[in-house]
Amino acid sequence: MGLFGFGKKSDDESEKKAGKTCPVCNKGIGKFSYNPVKDGELCDNCAEQVKEWWSKPLTDTTVDECGKIIYKQDMSDEEKQAELESVGGTKAYADIYSSIAFRYLDESFTERTMEEYGDAVLLDCVVMLGEFGSGDRVRFYHEGEFFEGVITECSTKDYDSFEEQCDMKMLTGEASEGQPCWLLVKTEPAEAGEKLDYDDKVFV
Ligand SMILES: [Zn+2]
């Protein structure tokens, strides 16, 4: 946007002057923009869209991942329904952005909590369709393999880390469509601390 829009210069002209093109939308990157990602730089508009759904720093995120995140925000209900069916779900699904074995979280958690959740996996997701709640039996899909489990804690994501969310006593117990969320799933799955791919899904 023409923040310094005096005179006749259009945004396009000043963007061309900067000489950089956003690798996601192919539009010019404004002269005063600064949105570096892991392997490039985004325009303000794309960076804004990614930040809406994405908790990791942009500098840890690739251009390819950014493109997928933006694409997913524009998916129609029919496309979401088709994606749900493609993974064998019937009610709801969420895209998993990252996962971590619970025991690798901040040591400030009490021992009781660690004992209770020690073998659970924490999924950092965005709900694409339907809703999730504590107690839901879910499956998650990771590189062609399925894992099953029960959601022990479910919460919308109001803080940057799950630890903070717990500390602030802000576990909401449910999350619905369009909301970034934490799902703590008691299960017997992935190797501790294993990162799941961007395209993985959790569903009911
Ligand atoms: Zn862009």
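Modeller: The buried residues of helix H3 pack against strand E1 (36-37) and helix H2 (44-53). Buried means 20 or more other C-beta atoms within 10 Å of a residue's own, exposed means 12 or fewer, partly exposed is in between, and C-beta atoms are placed from the backbone. This is a predicted model, so local features need pLDDT of at least 70 and side-chain atom pairs count only at pLDDT 80 or more, while totals for chains, interfaces and linings use all residues. Residues are numbered from 1 along each chain as its sequence is written.

Colleague: Which residues of H3 are buried?

Modeller: Cys66, Ile69 and Ile70, in a helix running over residues 63-73. They sit on the same side of H3, because they cover an arc of only 95° around the axis.

Colleague: And H4, why does it lie largely in the open?

Modeller: Of its ten residues (77-86), the number buried is one. Just after H4, Gly88 takes a positive phi of about 90°.

Colleague: Switching topic: in the largest nonpolar core, which residues touch the most other members?

Modeller: Ala94, Cys125, Leu183 and Val202, out of 44 residues. Strand E4 (residues 120-129) gives the most, nine residues. Such a core is a set of buried Ala, Val, Leu, Ile, Met, Phe, Trp, Tyr and Cys residues joined through C-beta atoms within 7 Å.

Colleague: What about Cys166, buried or exposed?

Modeller: Cys166 counts as buried, because it has 20 C-beta neighbours inside 10 Å. Cys166 is in helix H6 (residues 162-167).

Notes: Helices (H or I, at least four residues) and strands (E, at least two) are DSSP runs, numbered from the N terminus. The arc is that of the directions from the helix axis to the C-beta atoms. Two residues are in contact if their C-beta atoms, placed from the backbone, lie within 7 Å.
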